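Please consult the sequence and the structure shown below.

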Amino acid sequence: MRDIAIIGAGQSGLQLAFGLLAKGYTVSVYSDRTPEEIENGFIMSSQCMFNTPLDYERELDLNFWDESCPNIDGIALSLMAPGTTDKVISWSARLDNPAQSLDQRVKMPRWIREFEKRGGKMIYESADIDTLEKLAKTNDLVVIASGKGEIGKLFKRDAERSQFDKPMRALGLVYVHGMTPRKDYSAVDFNIAPGVGEFFVFPAQTLTGDCHILVFEGIPGGPMDGWPSMHDSKACFDYGMQLLKTHFPDQALLCKNAKLTDDKGVLAGRFPPTIKNPVGELPSGAIVYGIADCVCLNDPITGQGSNNASRAAKFNLDAILKHGGNDFSRDWMRATFEGNLAEVKTCVDWTNSMLLPPPEFRLNLLGAAGEIPELASRIANNFNTPSDFAPWWFEEDEANKLLASYTP
Ligand SMILES: Cc1cc2nc3c(=O)[nH]c(=O)nc-3n(C[C@H](O)[C@H](O)[C@H](O)COP(=O)(O)OP(=O)(O)OC[C@H]3O[C@@H](n4cnc5c(N)ncnc54)[C@H](O)[C@@H]3O)c2cc1C
């Protein structure tokens with residue numbers, strides 16, 4: 001059987017590893033952290049995952065938290081009038097199937113231990129170029145699933161396909177216990193303050209049980225771009241609460257009794273959304289193959305990164321299996337990446353579109369969703385199937401046609 005090495009024990013690397021293992025491949029996964037180090041480390045994401053990507057995990061019997069993790073049953077959207085906290089758009093719609101967000105500090109350690117139990121090989125080492133050279137000699141394929149890790153520098157940025165060359169948001173995450181749940185039903189509650197940034201919140205499961213995850217997306221240089229060092233978790237929590245009071249006061253009220261889940265329950269940072277060439281060339285001329293965030297990194301504004309990582313794991317699993325005993329050539333890598341990218345392209349474009357001021361026709365669409373429940377439902381459920389945003393999210397004529405189709 002074939003030998004595959006995977007660098008990175010995150011969403012895409014481990015999910016792919018389980019899929020290959022189940023088909024009899026010999027799989028080694030390199031992780032720069034042990035399960036205990038991940039459990040005791042900082043939060044990494046808000047990782048809200050929608051139904052289809054969750055189904056890919058279920059297919060591999062990796063859904064250990066279906067019962068314990070709180071369901072997220074809808075999407076709510078509010079838009080403030082510029083320079084005020086008055087809502088000019090506000091609606092919510094139910095998801096056809098619930099989403100869930102499980103702290104990766106809970107998920108990845110459990111998956112790593114499960115992977116070893118099922119016969120996979122874990123190596124706790126930060127893979128560098130020398131490691132990759134050795135692995136390329138002894139494996140049929142070396143997959144780099146290192147997320148934002150340094151080793152990803154091996155892959156060259158695709159300037160034509162990368163819409164931005166700098167971070168578009170200053171990111172902040174705070175995990176809290178004690179937030180008052182929104183009325184009606186649980187949801188990703190998404191709030192937009194034009195010219196300032198966005199705030200969204202949803203229920204999740206963390207190390208200490210149920211919590212809410214607060215996600216702050218500040219326009220760089222703007223009033224939400226002043227996060228303290230994440231090593232001072234109290235200062236981060238206080239800063240987040242201050243932002244809510246100033247820009248999203250109804251959310252601040254819900255957080256009146258909120259407390260940090262733990263002193264590693266905060267994250268602050270920024271990165272440019274980037275698409276790269278998926279073929280990494282080593283000094284010897286050997287090649288390695290990049291997947292998920294390592295080569296297709298998106299801003300978290302639409303909460304799609306883990307979903308795309310799951311989609312990438314599924315797509316690449318199917319492609320590797322289909323390729324059978326053939327050579328994993330440069331052409332195969334390029335073609336497989338193109339296939340995966342074609343699947344997530346609308347998702348990437350939609351995510352990038354959310355980072356820029358919206359054109360009027362899109363504001364009309366969002367406003368109309370407040371009057372037309374079917375449209376609100378379609379937008380909400382597209383968080384699970386973002387490819388359905390094309391073409392009407394992007395093209396004025398198509399948006400108008402869609403609106404007309406809802407009007408008797
Ligand atoms: C603030 C924020 C909020 C987010 N919110 C959401 C959300 O709501 N929904 C959503 O779907 N996504 C969200 N994401 C994105 C999501 O977490 C990522 O897109 C997803 O985890 C990427 O999966 P991956 O497998 O590509 O990489 P990762 O999950 O990052 O895994 C990479 C792994 O590789 C390891 N590694 C790196 N280098 C090496 C090396 N040299 N050797 C060995 N191991 C190495 C890392 O330690 C890590 O464990 C968010 C991200 C951020 C930053």
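A polar contact is a pair of N or O atoms within 3.5 Å; within protein, one atom must be able to donate a hydrogen and the other to accept it, and residues adjacent in sequence count only if both atoms are side-chain atoms. The model is predicted: local features need pLDDT of at least 70, side-chain atom pairs count only at pLDDT 80 or more, and totals for chains, interfaces and linings use all residues. Residues are numbered from 1 along each chain as its sequence is written, and side-chain values use heavy atoms, with hydrogens and water left out.

**Ligand contacts**

- A backbone N or O atom of Ala-127 lies 3.0 Å from a nitrogen atom of the ligand.
- For Ser-46, a polar side-chain atom is placed 2.5 Å from a ligand nitrogen atom.
- Gly-303 brings a polar backbone atom to 3.1 Å from a nitrogen atom of the ligand.
- On its own the ligand has 1,000 Å² of accessible area, of which the protein covers 91% (Shrake-Rupley method, 1.4 Å probe; for residues, only the protein chains shown count as cover).

**Ligand shell**

- The ligand is surrounded by 35 residues, and the closest are Ser-12, Asp-32, Ser-45, Ser-46 and Ser-306 (a residue is near if one of its heavy atoms lies within 4 Å).
- By class, the shell holds 13 nonpolar, 18 polar and 4 charged residues (Ala, Val, Leu, Ile, Met, Phe, Trp, Tyr, Cys and Pro count as nonpolar, Asp, Glu, Lys and Arg as charged, and the others, Gly among them, as polar).
- At least two shell residues come from each of α1 (11-22), β2 (26-31) and α8 (305-323), and α8 gives the largest share, 4 residues (helices, H or I with at least four residues, and strands, E with at least two, are DSSP runs numbered from the N terminus).

**Helix α4**

- Helix α4 (residues 104-117) is largely enclosed by the rest of the structure, because 10 of its 14 residues are buried (under 20% relative accessible area, 1.4 Å probe, protein chains only).
- Among the buried residues of α4 are Val-106, Met-108, Trp-111, Ile-112 and Phe-115.
- Asp-103 caps the N-terminal end of α4, with a side-chain oxygen 2.8 Å from the backbone nitrogen of Arg-105.

**Strand β10**

- In β10 (residues 197-206), 10 of 10 residues are buried.
- β10 runs antiparallel to β9 (residues 187-193), joined by 5 bridges, and pairs antiparallel with β11 (residues 209-218) over 10 bridges (pairing requires at least two DSSP bridges).
- Pro-203 stands opposite His-212 in β11, and a hairpin of 2 residues joins β10 to β11.

Technical notes
Buried < 20%, exposed > 50% of the residue type's maximum accessible area, 1.4 Å probe, protein only.
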